[in-house]
Amino acid sequence: MKRRLNNCFVSIGHGHLKKIAVIVAGALLSCVALRAQDLPQHPAPSREVMATLSYGHDTSSVSQGAPQTAPTNSSATVPVSLTLQHAIQLALQNSKDIQLAKIQTGLADRSADITKAQFLPNIYAGSGAGYTFGIPETPGGRAPSIFSLTYQQEVLNEPLRGQAKELQEQASAQRIALTEVRNGVIVHTAMAYLEIEKVRHSLNLLRGEQESAEKILDVTKERQGEGFELPVEITKAQLTRAQVLQKILQLEGREDELQVYLKSQLGLAADQEIEVSPDELPGEAEQQGANLVALALENNTGLQLAESDVRAREFRLKGEKRGYFPTLQLVGIYSVLGKYNNYQEFFNHFERNNLNAGINVQVPLFSAKTKANIGLAQVNLEAAKSTLANRKSQVTADVRQKSRLVREKDAAKEVARLELQLAQQNVEVLQSQFGEGRVNLREVERARVTENDRWMDFLDANFARQQAQLELLQTAGQLDKVWQ
């Protein structure tokens with residue numbers, strides 16, 4: 001009897017095992033298909049977005065390092081690692097804006113030299129040879145000559161001297177403008193460097209947040225399948241995941257823009273990858289109130305340009321007012337004459353070699369042009385003085401406003417730090433409760449998402465403070481001292 005029962009059991013197992021497996025598999029596939037029809041369909045994220053970096057929720061420090069990029073293959077260009085100080089040095093060496101400003105400075109110097117050269121000796125050689133019929137003369141009033149040598153030098157010409165001093169002052173102003181361009185390059189490079197570090201840190205956080213959003217969605221689907229959640233909770237979880245993906249794409253685009261700008265400013269190759277490290281500004285504008293305002297009034301480049309413009313207008317007005325003075329010019333002419341111009345027929349004596357030297361003096365008895373030039377110079381000076389006064393008021397107001405803004409950003413950074421600390425502590429509490437079985441995994445992951453959001457708020461607040469500090473240093477004219 002025992003043997004017959006065993007044979008019967010074996011025959012049933014082998015005969016129907018395959019059919020039972022097919023029936024069970026079909027039932028499972030039907031359930032999965034029915035649940036898939038109930039959920040909205042979403043396009044699969046790209047491979048780049050799904051590529052996640054390792055992320056840990058370290059609560060021991062508020063400042064985390066930026067992720068390090070690496071070449072995707074052995075033939076890729078080796079990334080260049082930069083500090084903030086090194087990046088600024090490269091920008092000052094390779095910036096096209098600075099190179100253009102240097103060219104403009106050289107152009108201003110050459111323009112000033114043109115007017116100044118009239119007060120230096122000027123010697124010209126030439127020839128006025130030509131056929132003459134009748135009295136030998138040329139359209140310029142000089143006798144036709146085979147060869148001539150002319151010497152000219154301004155000695156006393158106050159309007160021209162005033163113009164020369166004005167151009168020299170404008171050349172000095174162009175050097176101040178070069179300093180202003182240089183400060184702008186420092187500020188823009190530092191901002192781009194600090195922002196790209198913030199963006200990469202934020203991307204690291206968002207990729208960790210993407211993992212949490214996926215876990216939340218998985219848990220919500222399971223609970224909905226068990227009848228513990230409404231379909232609206234799945235939609236909320238999907239929305240959270242889509243929002244994280246949107247932020248990742250936006251930050252990746254911003255990272256690319258910043259890299260292109262930095263490569264252009266630093267003179268790097270287009271395919272050169274840049275690695276940055278967490279860095280703070282090397283100095284702070286610690287002066288407050290009147291001290292910082294006094295520094296700005298002394299060192300602000302915009303104010304220095306306005307002061308230089310006033311001095312240039314004063315030189316011009318002073319020169320134009322002296323336009324009523326006599327002018328004196330040293331002159332000398334040496335000429336070699338030819339007999340074929342028939343000098344002997346019209347003059348008693350012919351001298352082949354002739355030399356004339358002396359001074360040319362002009363005394364203005366009435367000059368309407370001088371009066372008009374004085375009026376124009378006076379109006380230009382008044383306009384320059386008005387611009388300087390307005391600029392002083394504006395610089396004073398800007399320094400005070402930017403000082404307040406730095407303090408406000410300090411307060412905002414502290415608020416963001418405390419909110420981050422609170423979110424980190426909340427994650428620790430929920431992790432402990434999860435270990436005790438008092439909360440589910442979804443609550444823990446939601447707390448991690450909130451922590452990541454607070455991390456990004458802190459990074460934004462820190463960058464906003466750095467940006468405000470840079471603008472204050474630029475207005476106060478302290479950038480050079482900070483990066484000495």
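1. Let's start with one residue. Setting aside residues up to four places away in sequence, Ser 403 touches Leu 292 and Leu 472. Keep in mind as you look that this is a predicted model.

2. Is Ser 403 buried or exposed? Its relative accessible area is 8%, and the cut-off for buried is under 20%, so Ser 403 counts as buried. You will find Ser 403 in helix H10, which covers residues 368-435.

3. Now follow H10 from end to end. How far apart should its ends be? With 68 residues at 1.5 Å a residue, H10 should span 100 Å, and the C-alpha atoms at its ends are 98 Å apart, so the two values agree. After H10 comes Gly 437, which has a positive phi near 80 degrees.

4. Next, a pair of helices. Two packed helices are described by the angle between their axes and the distance between the axes. For helix H5 (residues 158-225) and helix H6 (residues 231-266), the angle is about 160 degrees and the axes are 8 Å apart. Angles over 145 degrees count as roughly antiparallel, which means that H5 is roughly antiparallel to H6. The crossing of H5 with H6 is left-handed. In their contact there are 21 nonpolar, 10 polar and 12 charged residues.

5. H5 has another partner to look at: helix H8, residues 301-321. The axes of H5 and H8 come within 7 Å, crossing at roughly 175 degrees. H5 is therefore roughly antiparallel to H8. What kinds of residues make up this contact? Seven are nonpolar, 10 are polar and nine are charged.

6. Most residues other than glycine have a negative phi. Asn 342 is not a glycine, yet its phi is positive, at about 65 degrees. Where does Asn 342 sit? Look in the loop that joins strand E5 (327-336) to helix H9 (343-346). Asn 342 has a relative accessibility of 26%, so it counts as partly exposed.

7. Finally, step back to the whole protein. There are 12 helices and six strands. Of the 484 residues, 36% are buried, and Ser 403 is one of the buried residues. Among contacts with a separation of 6 or more, 84% are between residues 24 or more positions apart.

Note on methods
Residues numbered from 1 in each chain as written. Predicted model: local features only at pLDDT ≥ 70, side-chain atom pairs only at ≥ 80, totals over all residues. Heavy atoms only, no water. Axes fitted to C-alpha atoms, helices over the stretch in contact; angles between N-to-C directions. Helix = DSSP H or I, 4+ residues; strand = E, 2+ residues; numbered from the N terminus. Parallel < 35°, antiparallel > 145°, perpendicular 65-115°, else oblique. Left-handed = near helix turned anticlockwise from the far one by under 90°. Nonpolar A, V, L, I, M, F, W, Y, C, P; charged D, E, K, R; others polar. Buried < 20%, exposed > 50% of the residue type's maximum accessible area, 1.4 Å probe, protein only. Contact = heavy atoms within 4.5 Å. Expected span 1.5 Å × (residues − 1).
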